[in-house]
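Please look over this model before we talk. My notes are below, in numbered points.

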Amino acid sequence: MQLLDYSNKAASFFNMLPNDWQEVIVPQWSEYSNSSNILVLKDTNELLGGGIIFDGLSPDMKSHEKVAQKYLEQNFKYLGFIWIKENHRSKGLGKLWLQEVFRIYPHQGFWLSIEEESLKGFYEKLGFSLSETLISNGEKEWLMQRNIQP
């Protein structure tokens, strides 16, 4: 299994995302492609999952720009569109992807947003802590951050 940079092969990564996620990122990718990296896990010839590392504001956080600004001012990178194919879940691939990201960026703080409260424990085990709860359009989102590791 390899971790590969698919920033120049974005369509391959986007094709495995849920349709509603594709509707958010695909039309706007040209705005983000120069300041973001797509990292994927690939086994032989199959993409298993991956995510995007944003240097700035991501399209899914535009509605929370003021909140995002405090993380950006601390030079945190935003982890977004993290996805593992359903038939490869519960195999430790999400954990592996994040550990590889942390290895590549050893002195970097990160933040992310989750829409399923059940994911908090997963991210907490990987060093993230709950920083804020947001409500928009009646839906909750939880922001989590992982500070720079010594």
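1. Ground rules. This is a predicted model: local features need pLDDT of at least 70, side-chain atom pairs count only at pLDDT 80 or more, and totals for chains, interfaces and linings use all residues. Residues are numbered from 1 along each chain as its sequence is written, and side-chain values use heavy atoms, with hydrogens and water left out.

2. The largest pocket. The largest pocket holds about 1100 Å³ of space. A pocket here is an open set of points on a 1 Å grid over the protein atoms alone, where a 1.4 Å probe fits, with protein on both sides within 12 Å along at least five of seven lines; lining residues have an atom within 4 Å of a point. The volume is the space filled by probe spheres set on the points, which are joined across faces, edges and corners. The lining has 36 residues, and the closest to the centre are Trp-21, Ile-82, Ser-113, Glu-115 and Leu-119.

3. Who lines it? Strand E4 (77-84) is among the elements that give two or more residues. E4 gives the most, with seven residues. Strands (E, at least two residues) and helices (H or I, at least four) are DSSP runs, numbered from the N terminus.

4. The largest nonpolar core. A nonpolar core is a set of buried Ala, Val, Leu, Ile, Met, Phe, Trp, Tyr and Cys residues joined through side-chain atoms within 4.5 Å. Buried means under 20% relative accessible area, exposed over 50%, partly exposed in between (1.4 Å probe, protein chains only). The largest core has 27 residues; Phe-14 and Trp-29 are among those that touch the most other members. Helix H4 (65-73) is one of the contributing elements. H4 gives the most, with four residues. A second, separate core of 20 residues includes Leu-39 and Val-101.

5. Ser-7: buried or exposed? Ser-7 is buried, with a relative accessible area of 14%. Ser-7 sits in the loop between strand E1 (2-5) and helix H1.

6. Met-1. Met-1 lies in the segment before E1. Met-1 counts as exposed, at 52% relative accessibility.
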